[in-house]
Amino acid sequence: MYLVLLGAPGTGKGTQAKILAERQGWLHLSTGDMLREAVAAQTELGRQAKSYMDAGSLVPDELVIDMLLERIARPDAEAGFILDGFPRTLAQAKALEEALERAGKAIDVALHFVAPDEELVRRLSNRWICRRCGYIANRRLGECPACGGELYQREDDREETVRTRLQTQKPPAEMVAYYRDHGKLVEIDAMQPVERVTDDLLNVIGRVKSA
Ligand code: AMP
């Protein structure tokens, strides 16, 4: 299956994408992770993306689209993938659909994670991530509860940047409408506990699979 997860930063897309990828054996692709890797490796893409990311703005479409389309064309994406953080604009959504169409494929479902802004600010400014295994903790802990690794806070999870990201990175209405018009959109209540959100997602996936 080919899934896209839509939602503002902090709605839990990354957490759920990881869970689903493990359970279903699908590839989890986070454009945020891919861009952070490019920045760390100081590639040309990383150099171009860095200032946008530091400011909490979107990286220009052409850079992100090229990166993502190149990635999903590799053989390990053949069996299925979960896109976490892509698309974030209507142009990205269309570029994705067109590339899949050329390969005789299509997105099965777009899962839209919905939660109020204040909850997202609270979540993001309390988010700590494990350097070793990627575990996401919702408060500052001495070490990662999953693997004992070191936890760090993302640069762009400081409260000021978080507010900019929420303003600039909510799924735009026209992109949500695009998936709704194509009969692909399903809204997910992202305020629920993690396990309940996973249950909802698995129910939707089951329904889509058997449709
Ligand atoms: P994330 O980890 O998804 O919050 O992404 C971190 C940062 O990477 C974002 O604040 C953007 O600057 C950039 N980014 C990630 N995905 C995209 C995308 N699909 N389009 C544009 N910028 C993106």
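This briefing covers the ligand site and the nonpolar cores of the structure. The model is predicted: local features need pLDDT of at least 70, side-chain atom pairs count only at pLDDT 80 or more, and totals for chains, interfaces and linings use all residues. Residues are numbered from 1 along each chain as its sequence is written, and side-chain values use heavy atoms, with hydrogens and water left out.

**Ligand site**

- Around the ligand there are 16 residues, of which T31, S57, G85, R88 and Q169 come nearest; a residue counts as near if one of its heavy atoms lies within 4 Å.
- By class, this shell has six nonpolar, six polar and four charged residues.
- Helix 2 (31-40) and helix 7 (159-169) are the elements that give two or more residues to the shell, and helix 2 supplies the largest share, four residues.

**Ligand atom distances**

- An N or O atom in the side chain of T31 is 2.8 Å from a nitrogen atom of the ligand.
- A polar backbone atom of S57 is 2.6 Å from an oxygen atom of the ligand.
- A polar side-chain atom of R165 lies 3.3 Å from an oxygen atom of the ligand.

**Nonpolar cores**

- A nonpolar core is a set of buried (under 20% relative accessible area, 1.4 Å probe, protein chains only) Ala, Val, Leu, Ile, Met, Phe, Trp, Tyr and Cys residues joined through side-chain atoms within 4.5 Å.
- The largest core has 33 residues, and V4, I72, F81, L83, L96 and Y179 have the most contacts inside it.
- Helix 4 gives the most to this core, seven residues.
- Beyond its neighbours within four places in sequence, F81 is in contact (heavy atoms within 4.5 Å) with residues including M1, W26, I72 and I107.

How values were computed
A polar contact is a pair of N or O atoms within 3.5 Å; within protein, one must be able to donate a hydrogen and the other to accept it, and residues adjacent in sequence count only if both atoms are side-chain atoms. Ala, Val, Leu, Ile, Met, Phe, Trp, Tyr, Cys and Pro count as nonpolar, Asp, Glu, Lys and Arg as charged, and the others, Gly among them, as polar. Buried means under 20% relative accessible area, exposed over 50%, partly exposed in between (1.4 Å probe, protein chains only).
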